[in-house]
Amino acid sequence: MNTIEIKRISVKEITQLQEIGRQTFQETFSESNSEENKKSYLEEGFSNEKLTAELKDENSEFYFAMLDNKVIGYLKINFGASQTELKDNKALEIERIYVTKEFHGKSVGQLLYDKAIEIANQKTSEYVWLGVWEENQRAINFYKKNGFIEFDKHIFKLGNDEQTDIIMKLKLSN
C-alpha cells in the first residue's frame, strides 16, 4: 500500500469534504437510523454554509487522509470556544474521525487520531475529549485502546431521534 498522507484542508476543498462526510456517515450509521433522520442530518450538517463557516473558523481544523490523491477519511478537531460542549481552553475536542468502509482496519483512523494528538500536544492541551454514540462499539473500542476513559454522557439529536453519546477523555502528559 502506498503512503497515506494527512493534509489540512481549506474552503477550496469543500466539495470533497461534503462527499467524504456524507459517504462515511452513511456507511457508519445507515443501518441504525431512519432514512428521513439521516437525510435531514446530511443536508444540515454538510451544507455549503455550515462547512464554509467551520472551515473558516480559526478554532476548528479539518484534515483529509489521502491515498493516491483520493480522500479516504477525515478528521475534525475543535479548540477554545468552537468545542461543541466543554469549551475548555486547556482541551482539544476530536469532533469527527471517519474513514471509508473500504479502509477500515488499515490504520487510517489511527493516523488521523495521531494527527489530533500531535496538534493537542503542540497547543499544550492538558487533555483531549470526544463524544461517541453509545451503539458505535467499533469507535468506543478504538478510543479505549488509545487510552480514553468514559466520564459523562449527553444527548445527540439526529433528526427527531435522541441518541446518547458517551463522552470520553484522554489526559495528556505534556
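Reader: Is the crossing of helix 1 and helix 3 left-handed or right-handed?
Author: This is a predicted model, in which local features need pLDDT of at least 70 and side-chain atom pairs count only at pLDDT 80 or more, while totals for chains, interfaces and linings use all residues. Residues are numbered from 1 along each chain as its sequence is written, and side-chain values use heavy atoms, with hydrogens and water left out. Helices (DSSP runs of H or I, at least four residues) and strands (E, at least two) are numbered from the N terminus. A crossing is left-handed if the near helix is turned anticlockwise from the far one by less than a right angle and right-handed if clockwise, and that of helix 1 and helix 3 is right-handed.

Reader: How is helix 1 oriented relative to helix 3?
Author: The axes, which are lines fitted to C-alpha atoms over the stretch in contact, with angles from 0 to 180 degrees between N-to-C directions, come within 11 Å for helix 1 (residues 14-29) and helix 3 (residues 48-56) and cross at roughly 110°. Angles under 35 degrees count as roughly parallel, over 145 as roughly antiparallel, 65 to 115 as roughly perpendicular and the rest as oblique. The orientation of helix 1 to helix 3 is therefore roughly perpendicular.

Reader: Which residues of helix 3 does helix 1 meet?
Author: Contact here means heavy atoms within 4.5 Å. From helix 1, the residues taking part are Ile14, Leu17 and Gln18, and they meet, in helix 3, Asn48, Leu51, Thr52 and Leu55.

Reader: Is Asn146 buried or exposed?
Author: Asn146 lies in the loop between helix 5 (137-145) and strand 6 (149-158). Buried means under 20% relative accessible area, exposed over 50% and partly exposed in between, using a 1.4 Å probe and protein chains only. Because its relative accessibility is 17%, Asn146 counts as buried.

Reader: Which residue has a side chain joined to that of Asn146 by a polar contact?
Author: A polar contact is a pair of N or O atoms within 3.5 Å; within protein, one must be able to donate a hydrogen and the other to accept it, and residues adjacent in sequence count only if both atoms are side-chain atoms. One polar atom of the Asn146 side chain lies 3.0 Å from the backbone oxygen of Phe142. Between side chains, a polar contact of 3.0 Å joins Asn146 to Gln110.

Reader: What is the phi of Asn69 near?
Author: Most residues other than glycine have a negative phi. Asn69 is found in the loop between strand 2 and strand 3, and at 72% relative accessibility it counts as exposed. Its phi is positive, although the residue is not glycine, and is near 65°.
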